[in-house]
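Please keep the sequence and the model at hand while reading.

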Amino acid sequence: EAEAEAEERWALADILGHGAAWEAAAAAPPDVAELVRGGRAMWAGSSELVRAQGYLTKCAIRSRKNWRERWFVVRGAQLLWFKHERQVKPQGAVRLMPGTAVELHPGLKDRPFGFVVRNPDIPTGLHVHCASEPERRRWVAAVSAAVRAAADAAALL
């Protein structure tokens, strides 16, 4: 059983494009969280870098009343959200273009670890809540890095 699990992890590492290098250098295959933390994970079938992924609680953009847990992914120059991690087509996305602002939300009584992503597409902002302060710092850093990368790419054009 342990051998089958290790084979699955190596297969996943191969899908992410790092299997051969890891297999040659490591006794055990890396897990997805490790690849994401190291900034090395790639979206399956794409060359776009995945900077962060995980569950966050999102406020409805239009009504501002409903909060729902969603699977978020910072991929390339987009912040995508899905109903769950196995969903293939995103429920929504925010383009992380130059000029996108990432602001710490002062927090609500029951949601103290929030942040807001604003750009011309969503001037009122996408409000999300994390489970902890370290998680919020990680997400803000990942989104900010994607915005900086988009700005650097735009400057080259």
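A residue is called buried when its relative accessible area is under 20%, exposed when that area is over 50%, and partly exposed in between. By that cut-off Ile61, with a relative accessible area of 26%, is partly exposed. The model is a predicted one, and the values below are computed from it.

## Overall arrangement

The protein chain contains 4 helices and 7 strands, and, read from the N terminus, these elements follow the order α-α-α-β-β-β-β-β-β-β-α. Of the 157 residues in the protein chain, 36% count as buried. The protein chain exposes about 9200 Å², and carbon and sulfur atoms supply 54% of that area. When contacts between residues at least 6 apart in sequence are considered, 36% of them join residues at least 24 apart.

## How the strands pair

The pairings described here begin with strand S1 (residues 50-59), which runs antiparallel to S7 with 2 bridges joining the two, and which is also joined to strand S2 (residues 67-75), again antiparallel, by 9 bridges. Within these pairings Thr57 has His129 of S7 as its bridge partner, whereas Tyr55 stands opposite Trp71 in S2. S1 has 7 buried residues out of 10, and it is therefore largely enclosed by the rest of the structure.

From S2 the pairing continues to strand S3 (residues 78-82): S2 and S3 are antiparallel and share 5 bridges, with Val73 standing opposite Leu80 in S3. The two strands form a hairpin with 2 residues between them, and in this hairpin Gly76 takes a positive phi near 60°. S3 is mostly covered, as 4 of its 5 residues are buried. S3 also pairs in the antiparallel sense with strand S4 (residues 92-95), over 4 bridges, and here Leu79 stands opposite Val94 in S4.

Strand S6 (residues 114-119) is an antiparallel partner of S7, over 5 bridges, and these two strands form a hairpin with 2 residues between them. Gly114 stands opposite His129 in S7.

| Strand pair | Bridges |
|---|---|
| S1 and S2 | 9 bridges |
| S1 and S7 | 2 bridges |
| S2 and S3 | 5 bridges |
| S3 and S4 | 4 bridges |
| S6 and S7 | 5 bridges |

How many of the 8 residues of strand S7 (residues 122-129) are buried? The number is 6, and S7 is therefore largely enclosed by the rest of the structure.

The structure holds 1 cavity of 30 Å³ or more, and the largest cavity has a volume of about 40 Å³. Its lining is made up of Trp67, His105, Leu108, Arg111, Gly114, His127, Val128 and His129. Which element gives the most to this lining? S7 does, with 3 residues. By kind, the lining residues of the largest cavity divide into 3 nonpolar, 4 polar and 1 charged.

One of the lining residues, Leu108, is found in the loop between strand S5 (101-104) and S6. Leu108 has a relative accessibility of 38% and so counts as partly exposed, although it also lines the largest cavity. Between Leu108 and His129 there are 9.6 Å from C-alpha to C-alpha, while in sequence they are 21 residues apart.

## Ile61, in the loop between S1 and S2

Where does Ile61 sit? Its place is in the loop between S1 and S2, and, as noted above, Ile61 is partly exposed. If neighbours within four places in sequence are set aside, Ile61 is in contact with Trp81, Ile122, Thr124 and Leu126. Ile61 and His127 lie 66 residues apart in sequence, yet their C-alpha atoms are 7.7 Å apart in space. His127 is itself among the residues that line the largest cavity.

Key. Residues numbered from 1 in each chain as written. Predicted model: local features only at pLDDT ≥ 70, side-chain atom pairs only at ≥ 80, totals over all residues. Heavy atoms only, no water. Buried < 20%, exposed > 50% of the residue type's maximum accessible area, 1.4 Å probe, protein only. Contact = heavy atoms within 4.5 Å. Areas by Shrake-Rupley, 256 points an atom, 1.4 Å probe, with all protein chains shown as cover. Pairing = 2+ DSSP bridges. 1 Å grid on protein atoms, 1.4 Å probe; cavity = no way out; pocket = protein on both sides within 12 Å on 5 of 7 lines; lining within 4 Å. Points joined across faces, edges and corners; volume = space filled by probe spheres on them. Nonpolar A, V, L, I, M, F, W, Y, C, P; charged D, E, K, R; others polar.
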